[in-house]
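Here are my notes on the structure, as numbered points. Please read them with the model open.

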Amino acid sequence: MKPLTRTVAATAALVCATTGAAAAAPAASAAPASAAVLPDRVLAGYLHTSFANGSGWVDLADVPREWDIIHLAFAEPTTPTSGRLEFSLCPEQECPGVPSKAEFISQIRDAQARGKKVVLSVGGARGQVSLETAAARDAFVESATGIIAEYGLDGLDVDFEGHSLYLDDGDTDFRSPTTPVIVNLIDALRTLSDRHGPDFVLTMAPETFFVQMGYSHYGSGPWGGADPRAGAYLPVIHALRDRLTLLHVQHYNSGPIMGLDDRYHTMGSAGFHVAMADMVLQGFPVAGDDSQVFPPLEPEQVAIGLPSSPYAGNGHTPVTEVQAAWDCLTTGERCPEYAPRGSYPGLRGLMSWSINWDRYNGDEFATEHGAHIGT
């Protein structure tokens with residue numbers, strides 16, 4: 001299945017044209033080596049590429065077959081506000097056995113020939129990316145285009161965390177954002193998508209605070225003083241929903257989040273995953289305002305983000321709980337204390353941080369969940 005290209009009426013009134021990024025950035029010098037389309041069910045996993053993170057180097061050639069989307073982690077900016085991305089392989093002293101750049105590119109080609117999508121992930125916990133100016137926006141587009149062409153990649157993953165995205169005071173309508181870091185990111189991603197065509201893979205991995213928290217709070221709030229990052233991904237997701245291949249919110253490293261039942265849910269349980277997924281699959285009034293409803297995404301655009309093992313981060317969920325959440329969302333069976341507002345048989349799959357930590361844990365995530373969801 002190719003990335004969805006449906007037209008959403010609510011999106012058309014939003015940011016409809018890029019403002020200079022297309023002219024400033026060069027055309028890609030090479031298309032990805034494979035135009036393989038995604039299967040109906042996918043596992044998406046992050047591969048530690050620029051660092052080891054304690055789990056050891058994993059060659060692309062050794063990534064288990066269950067992983068359909070491989071996010072190369074991470075490209076980072078030269079400075080938080082420059083927009084100019086850099087990407088390089090982990091140093092030999094940190095990652096014994098790391099291949100040469102030429103060998104790594106050959107591994108990418110082989111993975112694509114096996115039907116995998118290999119995607120550049122930007123940001124991560126250490127890579128703050130704040131596109132405060134048009135120059136930073138254009139540098140982001142130019143450098144991302146160059147890296148994608150150099151390695152022959154299939155797309156881009158937006159993993160902005162920390163203080164990369166926020167909403168200025170007075171920016172209260174997710175349908176018409178005015179904050180420069182938001183508007184410039186939307187422009188940049190539209191330009192990259194336009195340039196690379198309909199097979200371009202665009203994924204996003206926001207934390208719950210930047211998405212589902214928007215049900216309770218949006219930006220600094222009507223009286224100011226609240227965290228301006230609350231819900232800050234919503235205008236980006238909304239503006240790019242006609243280009244978005246997959247949204248996989250991180251259902252981990254999260255505090256309690258209010259669901260559509262107006263109760264708080266805590267990570268690590270089937271109920272949390274069902275409640276959080278249900279919000280993006282049903283849509284919700286932003287900051288409780290019924291005049292500003294964030295529309296639902298298509299189930300085919302949604303995956304659940306999970307730690308692959310107890311070593312990988314807070315919020316690890318046992319296999320049985322994950323599979324109960326999956327069955328509840330896709331079939332209406334085995335539902336926990338939270339009952340979803342609908343059944344979503346088209347739910348696309350699961351994302352995990354990370355392939356490396358799963359290998360460290362005996363590939364439990366890939367093996368158990370791949371078989372269960374049918375990858």
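1. The model is predicted. Pro 228 sits in the loop that runs between β6 (201-204) and α6 (234-239).

2. Look at what Pro 228 touches. Setting aside neighbours within four places in sequence, its contacts are Tyr 166, Leu 167, Gly 219 and Ser 220. Leu 167 is 61 residues away along the chain, yet the two C-alpha atoms are 5.2 Å apart.

3. Next, helix α7, residues 270-282. Its 13 residues should span 18 Å at 1.5 Å a residue. The end C-alpha atoms are 18 Å apart, which agrees. Gly 283 follows α7 and has a positive phi, near 85°.

4. Is α7 largely enclosed or open? Of its 13 residues, 12 are buried, so the rest of the structure largely encloses α7. Among the buried ones are Phe 272, His 273, Asp 278 and Leu 281. The cover over the buried residues includes strands β7 (246-250), β8 (257-258), β9 (264-265), β10 (284-285) and β12 (302-307), and helix α8 (319-331).

5. Now the cavities. The whole structure holds 3 cavities of 30 Å³ or more. The largest cavity has about 60 Å³ of space. Two or more lining residues come from each of β12, α8 and α10 (364-373). α10 gives the most, with 3 residues.

6. The lining of the largest cavity includes Leu 306, His 316, Glu 364 and His 369. By type, the lining divides into 5 nonpolar, 4 polar and 1 charged.

Notes: Residues numbered from 1 in each chain as written. Predicted model: local features only at pLDDT ≥ 70, side-chain atom pairs only at ≥ 80, totals over all residues. Heavy atoms only, no water. Helix = DSSP H or I, 4+ residues; strand = E, 2+ residues; numbered from the N terminus. Expected span 1.5 Å × (residues − 1). Buried < 20%, exposed > 50% of the residue type's maximum accessible area, 1.4 Å probe, protein only. Contact = heavy atoms within 4.5 Å. 1 Å grid on protein atoms, 1.4 Å probe; cavity = no way out; pocket = protein on both sides within 12 Å on 5 of 7 lines; lining within 4 Å. Points joined across faces, edges and corners; volume = space filled by probe spheres on them. Nonpolar A, V, L, I, M, F, W, Y, C, P; charged D, E, K, R; others polar.
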